[in-house]
Amino acid sequence: MVTIEQLYEVFLQHPVITTDSRDCPKGSVFFALKGENFNGNKFAMQALERGCAYAVVDEPIDSGTDERILTVDNVLIALQQLARHHRRVIGLPVIGITGTNGKTTTKELIAAVLRKKYNILYTQGNFNNQIGVPKTVLGLRREHELAVIEMGASHPGDIEELVNISEPNFAIITNVGRAHLQGFGSFEGVIRTKGELYDFIRQHGGKVFINTDNPNLMGISQGLQLVPYSSTDRLVSCDPFLRFRWKDTEVQTNLIGAYNVDNLVAAATIGQYFGVSDKDICDALGEYVPSMGRSQFRKTERNRLVIDAYNANPTSMEVSLSGFSQMQMSSKLAILGDMKELGAVSREEHLNIIRRVRQYGIEAWLVGNEFAEALSCLGSESCSGVKSFADVESVKSYLVANPLSDRTILIKGSNSTRLHTLPDVL
């Protein structure tokens, strides 16, 4: 068996990691991960043939005496331990970020601000799980000065596992909300799991950037060194693009949704703590352009789209609808997709969203079985202005026969509903 120290010597000579045998840069190291429907061990020799210098496996490989095969007890654990070892060797400050909503946008905003002064490493996209975090950490180099590591969770213990890999010195939880309830069991389970980031800082030292407007976060912040911030009275306008106030400056952003004020103020606060000038903070936040279907506003040839279709849970759905209802735009339509992984409370949570739509008086198209079942429970209750569709393909077919024009359309749903494919037909 290869030790982590031996594996690290290999990594220093070959610092590019791959977990996909179809993507094997010359001289990289292939980690043969296993899952429910795949076994990377079976592709170890193929990875070597395609250019990898070494392959890390945890099952016997018919390779003769090929010294490029490195055997460990468990490939995933070895990847995580290697990342932790590397993080300790590099030793630079790490900001850990998690939260139910807004963590990826906030991470991007923090990175945009810190880049004005530092050479930073930050999580790309949403590679924030048990594989993505160690791969990100292994991207640390001596020339980096700061790292921003995003961590996601869908079960108790997930954040604890990830902080023990990234070992942050600073922490921020954007918020806690009703998401992944099937895995967490309850809203309280969400709070406890996100709070595992605070627990690490409490045990190992460091500082926490905290939104003092959030009672759930303040309630679990005992014994921590806090760097507080507040979004109260920061919003200037949001119609559709958000304008907010940082100190004496009003900053025009490319973001939509008043809920993003929290994310912007968090990034500004972190930038200020690390010595980024106020001008650079404001410039960075004004220049940032959202992507990946998060808080985007787009005009097509026929309609105005508010695209927030990367993911959805009851909390994010409610704030999106609230912001949409406040926009001073005509002919509004909300296309809403199912919210996944809510377990036993799924029907009630989908009912709550339907009731919220009716409260705001917004026309709505509801997409997916969860919404359809919730809608059927309303019985004789009035649901005028609400249409139900089985899936996104049904929506597209309807749009071909009944094209929309001059509408302001919110697109919001869990990623698996694939509502992110709708903008091209609107």
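How many disulfides does the count come to in this predicted model? The count comes to zero.

**Figure 1. Overall fold of the predicted model.** The protein holds 16 helices and 19 strands. Its radius of gyration is 23 Å, close to the 22 Å that the globule rule gives for 426 residues, so the protein is as compact as a globular protein of that length. The C-alpha trace spans about 70 × 50 × 40 Å along its principal axes. Of the 426 residues, 53% count as buried. Take the contacts between residues at least 6 apart in sequence: 65% of them join residues at least 24 apart.

**Figure 2. Surface and charge of the protein.** The accessible surface comes to about 18500 Å². Carbon and sulfur atoms account for 46% of that surface. There are 43 positive and 48 negative side chains. The centres of these two sets lie 4 Å apart.

Figure 3. Leaving aside residues up to four places away in sequence, T105 touches L255, N260, N263 and R294.

**Figure 4. Helix α9 and its packing partners.** Helix α9 runs over residues 196-204. Its buried residues are E196, L197, Y198, F200 and I201. Just after α9 comes G205, which takes a positive phi of about 90°.

**Figure 5. C24 and its closest cysteine sulfur.** A disulfide is a covalent bond between the sulfur atoms of two cysteines. For C24, the closest cysteine sulfur belongs to C52, 3.6 Å away. The cut-off for a disulfide is within 2.5 Å, so this distance is too far for a bond. C24 is buried, at a relative accessible area of 11%.

**Figure 6. C282 and its closest cysteine sulfur.** Which cysteine holds the sulfur closest to that of C282? It is C238, and the two sulfurs are 18 Å apart. That is too far for a bond. C282 counts as buried, with 10% relative accessibility.

Technical notes:
Residues numbered from 1 in each chain as written. Predicted model: local features only at pLDDT ≥ 70, side-chain atom pairs only at ≥ 80, totals over all residues. Heavy atoms only, no water. Helix = DSSP H or I, 4+ residues; strand = E, 2+ residues; numbered from the N terminus. Rg over C-alpha atoms; globule rule 2.2 N^0.38 Å. Buried < 20%, exposed > 50% of the residue type's maximum accessible area, 1.4 Å probe, protein only. Contact = heavy atoms within 4.5 Å. Areas by Shrake-Rupley, 256 points an atom, 1.4 Å probe, with all protein chains shown as cover. Lys, Arg positive; Asp, Glu negative; His and termini not counted. Charge placed at Lys NZ, Arg CZ, Asp CG, Glu CD.
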